[in-house]
Every structure is written in structure tokens, then in C-alpha cells.
Amino acid sequence: MITRQRLAAGVCALLAALTAGIAFPAGAVADETTAAAPKVELVLDVSGSMRAKDIDGGSRMAAAKQAFNEVLDATPEEVQLGIRTLGANYPGNDRKTGCKDTAQLYPVGTLDRTEAKTAVATLTPTGWTPIGPALLKAADDLDGGDGTRRIVLISDGEDTCQPLDPCEVAREIAAKGIGLTIDTLGLVPDAKTRDQLSCIAEATGGTYTSVQHKEELSDRVGQLVERAADPVVTPVAVDGAGSCTSAPALKSGLYTDREEFGQHRYYRVDVKPGQELRASVSIAADRQVNQDHGVLVRAVTVHGREIVRGEAAGNGRTDVISTGLRYPKAESDDENAAAETVCLQVSNSFSAASGVKTTPGMPLELTVDVVDGPDQAGDVASFGLGRGWWLLGALVLTGFLAGVLWGWISRWRVAVWRTN
């Protein structure tokens, strides 16, 4: 009996040890997963000016609430999201108190969509615009962890709590080297608001977007939140040349450069037979520019003959213009056929507004991807139809048969009518 009891006790102890051994590593893995999770904090301006009704007939606050509700529904599960407000609680005139008016509405963590929406629904435009203090607090909210960290600031006016310059605050955050990006969105912004929000974004490598409509706000905030869940890709700085012969050779990757107003920049890419070159370019108007501008990217041979082009135009209301192209190189019967050198020419038709500096050039982002070319059946260059040719053929045949049948029926009815 004693032996059996000892044996049972030993088995229990062994099971307990195994259970503990399994449980603790699982906890460690969970902690590591949490530490590496991407974090995003939405910082919303709830100052008194958000009452203005100039976004699709509704108030700026209503547009922001609608955008937040849509974004909360679409937030990826792996993203830890929080919400911070500025100017939401103090309605008085004391500047010192008003400039401390920033609070975390919803803590950064696993998202409870219902709870977050309920918190957003309680917001009412109230007080001051302490952007600088809010950014400092938001940086603290996102402190810790190895995942990507992003602040998305939505505001409709300048900071009212100088001399704490929010642009300097953003530079201080960037100088800490914590990898935190600040993206800014201006609701119906004036020139001063645009300059300030652009400066904040540029200081941390983020983006600035001017918003005039509710759909634009929802789409852009959603894109920024989803971007936090994407793998981090560090762009490579490259210096484009003024001609194809001296252009830098690029491989698949993401590159950044600067292009002056009306300038041409060249880059070279080698494309082997059976491969397809896919390239896209974005140029950001990081300063005030005149209306009616465009961006052009051309794939040309080393002798200057154009192969294919992509172009896009803007009217002054967009801050980033993007376009792209695809060039599939045909297969070759020669296994030792050499790669073709394709020159990518990037140009723009931006012009600076009066008194605006033209240097340094505007930020340019170039994506190059060289992949295996598509097969013939799925070639998207087939007038844009690809495998849609099968559907088109079926529709033509169906229409022809339907026409013949209807003609036969019509003739039969006419014959019957004449007989009667």
C-alpha cells in the first residue's frame, strides 16, 4: 500500500512538473507575441472648432466619429489600438489649464470594438488645441515593445499652446530613435495648419493628408491603421541621375529620392527574358504648389525608345500623386539570352506657388519589383481582359444564337399572321 501511494505521488509530481514546464513557455511566447504586436494610437482634436459644419454638410466632429466607427470595425486583430483626445474636457479660458487638456479615451491594447465606439460617441467639441502635449503623451502611451508604433493625428487647426512647438516635439520624438511614426490629417485645413501638420509628419517620416470629405477621412485613417500591421520595409536612399547612361542600377525593393520641380530622374533595372518589371512612383507635394500638375514614369530603352508609360494628374487638392507601369519581357529560345536594361524615367509637372522654396526637391518614393512574367492565358496586357476573353467569346456566341432564334421566331409569327 505504501509503495502504491509513493508511486501515485511520484506520478502526480511528474505530471505537475510537466504541466508547469509546458505552461511557462506558453506564457513566455504569449508575452513575446504581445511585445511584438503593432501599436497604433489615434489622436483626435476635439477642440471647439470641430463644431464647424463644412464636411459634406455635417460637422467635422460628426465626420471624425463616423470615420472612427468604420476604422474600429476594420482594425486587424493583431493591431493594438488606443485613442487619445486633445481639447475634449476643458471649456474654459484659462490657457494654462487648457493646454493640459489631453486624455487617453481608450488604452492601447487588444481592441474591444463596442467599448471603443461607446467612448467615441460621448465626445463633444469643447476646448483648446494642445497638439504638442498630446503628442508627448501619445509617445508615452506607445512606449515599450518591439512592434511598429504609429500615431495618427487628426486635427482641424493650429496648436494653441505655443511656445511648445508641436513640430519640435515631433523632432524630439524622432531623435529618441524609438521608431515611432506620426501621420497627420488636416480637416479642411488653412495654409498655417497645413504647414504645421506637414512639418510634424515629415519630422518622423510620416505622411500628411488634407481631408475635405468624410469618405476621404475614413479611407485614409483605415489605410494607416492597416499599414501598421504590414511588415516593416525600410526604404533605401538612392540618387537618380539626369540621364540613363549614368543612372543607378536598382533591384527589386523600395527606394526614396528627391525630385525638384519639373525635373527628370533616371534609374536602371535589368529585366531577363520571361520576367516582368513592375514599377510605381509616388511624389509628395510637401509644400504649397500650383494647381494642375502631374507625375509621369516611363520605361525606355538605353537608346531612348519608349516601351510603356504610366501617368497621373492632380488639381492641387491631393498631397501625393502616384502612378505605375508593367513591362513583361517575352521568353527567349536562347537560354543564354542577356537581360535587357530598362531605364525608368520619372518626371513631374509641379510648379511652386509664389514665395515657396523649390529646394530641396519633393520626396519621391519608387517601388521596383521584377517577377516571373505571366503566362499567355493570364496576361493582363491582353487589352486589359486577361482570361476575360473566354467570357467575351461566350457572350458574343450567346448574342449571336439569341439573334438567330429571335429572327426565326419573328419570321414564323409573320407567316402565321399572313396565313390568318
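Which residues line the largest cavity? In this predicted model, the lining is made by Thr75, Pro76, Glu77, Val79, Thr110, Leu111 and Arg113. Sorted by class, these comprise three nonpolar, two polar and two charged residues. The volume of the largest cavity is about 40 Å³, and a search of the whole structure turns up one cavity of 30 Å³ or more. If you wonder how such a space is found, rolling a probe the size of a water molecule over the atoms shows where empty space is left.

Now let's visit helix H8, which covers residues 214-229. With 16 residues at 1.5 Å a residue, helix H8 should span 22 Å, and its end C-alpha atoms are 24 Å apart, so the two values agree. Its buried residues are Leu217, Ser218, Arg220, Val221, Gly222, Leu224, Val225 and Ala228. What lies over them?

Our last stop is Gln196, a residue of helix H7 (residues 191-203). Is Gln196 buried or exposed? Gln196 counts as buried because its relative accessibility is 9%, and the cut-off for buried is under 20%. Leaving out residues up to four places away in sequence, Gln196 touches Ile131, Gly157, Glu158, Asp159, Gln162 and Pro166.

Terms used:
Residues are numbered from 1 along each chain as its sequence is written. This is a predicted model: local features need pLDDT of at least 70, side-chain atom pairs count only at pLDDT 80 or more; totals for chains, interfaces and linings use all residues. Side-chain values use heavy atoms; hydrogens and water are left out. On a 1 Å grid over the protein atoms alone, a cavity is a set of points where a 1.4 Å probe fits but cannot get out, and a pocket is an open set with protein on both sides within 12 Å along at least five of seven lines; lining residues have an atom within 4 Å of a point. Grid points are joined across faces, edges and corners, and a volume is the space filled by probe spheres set on the points. Ala, Val, Leu, Ile, Met, Phe, Trp, Tyr, Cys and Pro count as nonpolar, Asp, Glu, Lys and Arg as charged, and the others, Gly among them, as polar. Helices (H or I, at least four residues) and strands (E, at least two) are DSSP runs, numbered from the N terminus. The expected span of a helix is 1.5 Å times one less than its number of residues. Buried means under 20% relative accessible area, exposed over 50%, partly exposed in between (1.4 Å probe, protein chains only). Contact means heavy atoms within 4.5 Å.
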